Amino acid sequence: MPGEYLVRTGYAVGGGDGCIAHARHRAAAFVDQAAHDHHLSVSAHERYLTQLVVTELVTNARKYAPGPVLMELRITVSSVDVVVWDSDPSIPTARAADPRRIGGHGLEIVKAAAEGFEIQREQAGKRITARIALTSTSGGAPTAPRADHHHLA
C-alpha cells in the first residue's frame, strides 16, 4: 500500500551523457535524506546496493528501450524499492552463467543484490521492481521482512 512507504520519489531519466550517474547520485541522496529524516540506520553496503541496482536497471532501460525511462524510489523501515519503467514490453531473462562473457550480467547482479525482484508487464512497456533489504533500524536491531510485500520473491 502506498501509505506504508515513509518516503517515495520519482522522476524521468534523461537520455544524455551522465544520466546513469545522475540516477545513481539521486538514489544515494534519496536514501541519505530518508535515513536522516526518519532516523533509519542505512549501512554503507545497503546504500551501495541501492546505487548498484539503480545503475544496472537504468543502464538496461536506456540501452534496450526506445523512449522514456522513469525511476521511482520508495523506502520503508525495512527496505528500499527501486522501480524502473521503460517503454519496451519485452521481459528480460537472465542468461546462463558464463565467466568468459563480457557484459550481459545486469539482471544477475540485480537479482543477487536484491531480496525481492518483480517484473510487471504494463499496458505500455514494463515495470521492474527490486527491493533492497535494510537490515537495521534506528535502534540497530535487525528488521524482519514485512509481510505486506510478499509479492516480491
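Of the 153 residues in this protein chain, 41% count as buried. The model is a predicted one, and the exercises below take you through it from the overall fold to single residues.

**Exercise 1. Find how many helices and strands the chain has, and the order in which they come.**

Solution. Start by counting: the chain holds 3 helices and 5 strands. Next, walk from the N terminus, and the elements read β-α-α-β-β-α-β-β. Finally, look at the contacts with a separation of 6 or more: 65% of them join residues 24 or more positions apart.

**Exercise 2. Describe how α1 and α2 pack, and which residues meet there.**

Solution. Begin with the geometry. The axes of α1 and α2 lie 9 Å apart, and the packing angle is about 145 degrees. The crossing of this pair is right-handed.

Then list the partners. On the α1 side you will find Cys19, Ile20, Ala23, Arg24, Ala27, Ala28, Val31 and Asp32; they meet Arg47, Thr50, Gln51, Val54, Thr55, Val58, Thr59 and Arg62 of α2.

**Exercise 3. Work out how α2 is oriented to α3, and which residues make the contact.**

Solution. Take helix α2 (residues 44-64) and helix α3 (residues 106-113): their axes come within 9 Å and cross at roughly 150 degrees. Angles over 145 degrees count as roughly antiparallel, so α2 is roughly antiparallel to α3. The handedness of this crossing is left-handed.

For the contact, α2 supplies Leu49, Leu52, Val53, Glu56, Leu57 and Asn60, while α3 supplies Gly106, Leu107, Ile109, Val110 and Ala113. These residues divide into 8 nonpolar, 2 polar and 1 charged.

**Exercise 4. Explain why the buried residues of α3 line one face of the helix.**

Solution. The buried residues here are Gly106, Leu107, Val110 and Ala113. Viewed down the axis of α3, they fall within an arc of 135 degrees, so they line one face. As for partners, the buried residues of α3 pack against α2, β4 (116-121) and β5 (126-133).

**Exercise 5. Compare two loop residues, His39 and Ser87, by location and accessibility.**

Solution. Take His39 to begin with. His39 sits in the loop between α1 (19-37) and α2, and is exposed, with a relative accessible area of 58%. Check the backbone too: phi of His39 is near 55 degrees, a positive value in a residue other than glycine. Most residues other than glycine have a negative phi.

Turn to Ser87, in the loop between β3 (79-86) and α3. Ser87 is partly exposed at 23% relative accessible area. Setting aside neighbours within four places in sequence, Ser87 is in contact with Ala65, Pro66, Gly67, Pro68 and Gly125. The C-alpha atoms of Ser87 and Pro66 are separated by 6.3 Å, although the two are 21 residues apart along the chain.

Conventions. Residues numbered from 1 in each chain as written. Predicted model: local features only at pLDDT ≥ 70, side-chain atom pairs only at ≥ 80, totals over all residues. Heavy atoms only, no water. Axes fitted to C-alpha atoms, helices over the stretch in contact; angles between N-to-C directions. Helix = DSSP H or I, 4+ residues; strand = E, 2+ residues; numbered from the N terminus. Parallel < 35°, antiparallel > 145°, perpendicular 65-115°, else oblique. Left-handed = near helix turned anticlockwise from the far one by under 90°. Contact = heavy atoms within 4.5 Å. Nonpolar A, V, L, I, M, F, W, Y, C, P; charged D, E, K, R; others polar. Buried < 20%, exposed > 50% of the residue type's maximum accessible area, 1.4 Å probe, protein only. Arc of directions from axis to C-beta.
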